[in-house]
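Please view the sequence and the structure together before reading on.

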Amino acid sequence: MKPIQLWLPLLNVSWDTPSFSRDIQRAQREWLGEDKVWLLPGLKETKRWCLQAGVSTYKECAIPSESFNVITIADVSKNTGMYPPVDTALPKDWNGKLPHNLLDLWLNSNDPAFGSTNNHFKMNLPFFSDEKVFFREVDIGFTPGPSFPIADIDEENNEIKLKWPPDDSNIIESISPEAESKEIFGNYGWEEEPVADGLNTVINESGRKATHTILLWDFPFKEMFPFGGGMDLLKQKQQLKYYALHAKKNQNRIAEQVSKFTSQGWTTLENQLILPTLVTEGLEELFFNIEGSFSIEVDSFKDFLNHKKYDEVFRKMIPVTRIFGWEGYFWWELNNLVNKRGKSIKSCALCGNIITGRIDKEFCSKTENSACFKKRKANNKRNERKVVNRRDKTKLKKRDHD
Ligand SMILES: [Zn+2]
């Protein structure tokens, strides 16, 4: 794949939230190649530090911001190796390798369930004294998010349908349900002190009440969106699915979404090639790689770091496509399929899964849906047997005649 750089937030705030989008602009200006950026309201000036974890050194920084968040910056190599390999919004089970079928998984994933939460989380936050950083566990509480009217409850299937925009609103076409809801219904607060186990009710200034919920995703999305995300994430998913299935007439819209979620960024070969190869494929593979591509022969990693060409080659700034959030990554993947590789996307004629491939492809491949694939192969065999049986019978009949 083409190497990329992902900017992944801990709190999946809508990218259309003005304060968050300003914070991300500030973070990009201040960023000097760190693995993690803390957005800390109340901080006076940017702080930078290093953390030692085993043999690895992680670079982090904190910048003064309007809203709280933690952004992991992960480089993805052409072999899908990631650095850092595991972090916030990067599932442990991947072992530092970006799965190649993530877009398929997302398009075919179940919609999330709703759970209750009191929006309180314990986290180790950085504090600073005399230019030193130290971490302390803090209980952080977030205010409730925007509210959305329920249009229908299907008790038999345990499903609820939400409706946005509301019928009586003057929204022409919803762009950011979260921002629009805040304009229409205003901010919500807790009706009573929220409890950790049980439903919590929230109320706005005009007395409108709602039940507070969090989105619960299946694996791997529950780790990619650690705090669940909101209605804008759901809308992004729906829109992505719609454009994927109607890709031909939405090519421009897909490209438009990509430009919203990407920018021209920079990285180094150290982050894009050396570290991902080292942590996901090992030292031997790394040495093989650098000898082949850069004619650098070394016996140890220490020798490699001290090599006279190291800084000049591997620490030099190089351009990279920077992608914001997993939402951005999915748009980028869809754009590659549709606008760059000219692939077709449709529903499998047997199970309805969304599948990608050549224009004449009709059914799931083994990797897309192995159950559907096996069923189809079994059916094919059965049909073949029927044909064979029929042939045998005709032969018998013929013999009778003879
Ligand atoms: Zn199928």
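The structure is a predicted model, in which local features need pLDDT of at least 70 and side-chain atom pairs count only at pLDDT 80 or more, while totals for chains, interfaces and linings use all residues. Residues are numbered from 1 along each chain as its sequence is written, and side-chain values use heavy atoms, leaving out hydrogens and water.

The protein has twelve helices and 19 strands, counted as DSSP runs (helices: H or I, at least four residues; strands: E, at least two) and numbered from the N terminus. Its C-alpha trace spans about 105 × 70 × 40 Å along the principal axes. Of its 402 residues, 45% count as buried; buried means under 20% relative accessible area, exposed over 50%, and partly exposed in between (1.4 Å probe, protein chains only).

Two residues illustrate these classes:

Leaving aside residues up to four places away in sequence, Thr-268 touches Phe-314, Arg-315, Lys-316 and Ile-318, a contact being heavy atoms within 4.5 Å. Among contacts in the protein between residues at least 6 apart in sequence, 59% join residues at least 24 apart.

Arg-385 also belongs to a surface patch of positive charge, together with Lys-377, Lys-381, Arg-382 and Lys-386.

Notes. Patches are made of residues with over 30% relative accessible area and no salt bridge: like charges are joined within 9 Å, nonpolar side chains (Val, Leu, Ile, Met, Phe, Trp, Tyr) within 5 Å. Accessible areas come from the Shrake-Rupley method with a 1.4 Å probe; for residues, only the protein chains shown count as cover. A salt bridge is a side-chain nitrogen of Lys or Arg within 4 Å of a carboxyl oxygen of Asp or Glu. Lys and Arg count as positive and Asp and Glu as negative; His and the chain ends are not counted. The place of a charge is taken as NZ of Lys, CZ of Arg, CG of Asp or CD of Glu.
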